[in-house]
Amino acid sequence: MDTKPLFVRTIFSANILVLVALLSLFLLNSDVSDAEAVTSKNQSSFESFSTQSALGDAGSNKTVNPLLLEQTNQFTPPRVIEVTPGIYTAIGFGPANIMMIDGRDSILIVDSGASTNQANAVLSEFRKITDKPISALIYTNGKADHVGGGGVFVNDSKTRGHSVHIIANNEFPENVFPSIGQIAKQKSIYELYSSGLLLSSANEIDRSISSGLGPNWKIGNISYASPNILFNDTLEATYAGINLTLISGPGPSPEQIYVWIPSKGVLFSSDLVYQSFPNLYSMSGLEDVDIQSWIDAIDAMRELNATYLIPSHLLPATGYDNVSDILISYRDAISYLIQQTIRYINHGFNADEITEILKLPPYLKDHPWLQERTGELSWAIRQIYSYLVGWNSGDATWFNPITLQERGSKIVNGFGGLNATLDEIKRSLDNREYSWAAELSTYTIYAYPDNKEAKLLKADALRKLGYENPTSGGRNWYLTQANILDGKINASTIQRLPSTNIVDQILPTVSIDDLLFNMMFKLDPAKSPDYDLILGIYLNDTEEGFTLQIRNDVVEYEESFPEEYNIALYTDSETLKDVLVGKVKLLDKIIAEKVSIDGDIRDLSKFVRSFDQKFVIPIFNNIAN
């Protein structure tokens, strides 16, 4: 069994609905009708649509920060840019760019977009430039917006009688569509908040403006093609008469690479550098970000002396001096933030205090490639602090605080009761003190959970904060939560999301080990049996065995078949995967004789019912308050 720490095995993804689809269903489903109703609508990835049509009159009614609107000019309208002869980048067709290298007798594709729709649209544009076959597809990282359209390009080449080299880093298979995680359900909902996917496009005021790095997300099918060439640190290759070097650049994620074409002075920077302050912290939760490796990768890029910088998001940069300035400023901004955060920690400041004190120096703060459009500086500071220090702010007051309900009641009483507190919230809104109005509304709701007026006042405060926020993620989160509070978004909103082919596409990349491992985090102690219960699973095709044991209120998992068990299942790996992700019901497969049982069926029933079986929306249990 993998001995890595639990948080390391918790792999996260930009592809939020993959996580919902995979983790919202229960292993060995015996009764998942509610779950099926939800997840059948969530087996989805994303495509994008033109931001131009999404903006409407938003810019004229002061409900959108003009800085966020300005960012959309980079990818509106969708277009293909020839950066230098033979080098193209397709911008605005999806959340990430797709690049083309036009060689002597074939072309190379760098990244494949988020969906088949994006890939097909870009391929159609590329075919207006050249009819040469595709000889190679390069994945610069494994995130959904980079790999969702790979099959489109591979199939295009196959129809012309050519095979395609699909190239990625050795870390790629473990990080492509990062499959599942211990808090994947909650993270997936967080991603729905930050992406703005739940915001209605019919709402001219509250709609999402962009993803910050590209157009809005939209649900669509994917076509994933697995790599057939993997490399470690560096790969030098020649395609279509063009020499190129692929270089590992972990930082944003372990499998990240960048691509260098010496003869053209072209550097494809993937997600290591793009025209926005780097996303050192994802709003949806901790990513596998290695900040020092990120800095090291940019320093290695600087040594290449590139003339053209082509990121996987937003516009390229040209000119040696310009590219050099961008790379130096980008790495210095990251270095300054981490160095000064640590310095203030060592001076005894807590996270809240550091966010008030620490700002980028003007020459970095004002740099056009370091504007806060996907996330805020303060969020990165808080993440660095949390990673280095943990929960302890240093103030013993918070070692054992009173409950949130108690705090809410005491604060409301301190203001003179419910009505007086509601009046104070209204005064704060009138004075444009929106953050305080949202905070005081939250305390009021903790004290009076069913008070509709407090919820509507909080929605008003969050909505105003969303209108003012310059980041896509911040705006989307504020407005999504506001729409939940006033009832415009509810559980049925998620249920109405269209179904696509995501599970079928992603399933081959997910290991049974990961699926079973995460069963340890689904046991409901109130339902667990009062005796030890051991389930053995044996795969006839691969001759692998697994053990899940409920011992009192704890689950133990082992990658071996147990010597003794209460009940054992014998099946094949494909059937087990289908059951684990909820594509089929265990009972149906037993009847179809695809699964055989050794032991008392009543023990199997007790085992199944000891775990969470139905999809829940955890976000509605707390943040919607």
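Modeller: A residue is called buried here when its relative accessible area is under 20%, exposed when that area is over 50%, and partly exposed in between. On that basis, and bearing in mind that this is a predicted model, buried residues make up 57% of the 625 residues in the protein chain. The chain has 26 helices and 20 strands, and its accessible surface comes to about 25,600 Å², of which 48% belongs to carbon and sulfur atoms. Among contacts between residues at least 6 apart in sequence, 73% join residues at least 24 apart.

Turning to the rings, the structure holds 13 aromatic pairs. One of them joins Tyr139 and Phe172, which are stacked, with 5.2 Å from centre to centre and 0° between the planes. This pair links distant parts of the chain, since Tyr139 sits in the loop between β6 (134-138) and α7 (144-147), while Phe172 belongs to helix α9 (residues 172-175), 33 residues apart. Tyr139 counts as buried because its relative accessibility is 0%, and Phe172, at 0% relative accessibility, counts as buried too. The rings of Tyr538 and Phe561 are arranged otherwise: their centres are 5.9 Å apart and their planes stand at 85°, so this pair is edge-to-face. Here too distant parts of the chain are linked, with Tyr538 in strand β16 (residues 533-539) and Phe561 in the loop between β18 (554-558) and β19 (567-571), 23 residues apart. Tyr538 is partly exposed, with a relative accessible area of 24%, and Phe561 is likewise partly exposed, at 26%.

As for the charged groups, the structure holds 20 salt bridges. In one of them the side chains of Glu125 and Lys128 meet at 3.0 Å, N to O; Glu125 is partly exposed, with a relative accessible area of 26%, whereas Lys128 is exposed, at 62%. Another joins Arg331 and Asp332 at 3.1 Å, N to O, where Arg331 is buried, with a relative accessible area of 17%, and Asp332 is partly exposed, at 25%. Glu424 forms a salt bridge with Arg427, the closest N and O atoms being 3.0 Å apart, and both residues lie in helix α17 (residues 418-430), three residues apart, about one turn of the helix. Glu424 is buried because its relative accessible area is 19%, which falls under the 20% cut-off, while Arg427 is partly exposed, at 44%. Salt bridges also link Arg127, Asp131, Asp156 and Arg160 in a network.

Six strands form an open sheet of mixed pairing, in the order β10-β11-β12-β13-β14-β15. At the edges stand β10 (234-239) and β15 (317-318), each with a single partner strand, so one side of each is left without a neighbour in the sheet. Strand β10 is joined to β11 (residues 242-248) by six bridges, and the two run antiparallel; the bridge partner of Tyr239 in β11 is Ile242.

How values were computed. Residues are numbered from 1 along each chain as its sequence is written. This is a predicted model: local features need pLDDT of at least 70, side-chain atom pairs count only at pLDDT 80 or more; totals for chains, interfaces and linings use all residues. Side-chain values use heavy atoms; hydrogens and water are left out. Helices (H or I, at least four residues) and strands (E, at least two) are DSSP runs, numbered from the N terminus. Buried means under 20% relative accessible area, exposed over 50%, partly exposed in between (1.4 Å probe, protein chains only). Contact means heavy atoms within 4.5 Å. Accessible areas come from the Shrake-Rupley method with a 1.4 Å probe; for residues, only the protein chains shown count as cover. Rings of Phe, Tyr and Trp (its six-membered ring) pair if their centres lie within 6.5 Å; planes under 30 degrees apart count as stacked, over 60 as edge-to-face and the rest as tilted. Two strands pair if DSSP finds at least two bridges between them. A salt bridge is a side-chain nitrogen of Lys or Arg within 4 Å of a carboxyl oxygen of Asp or Glu.
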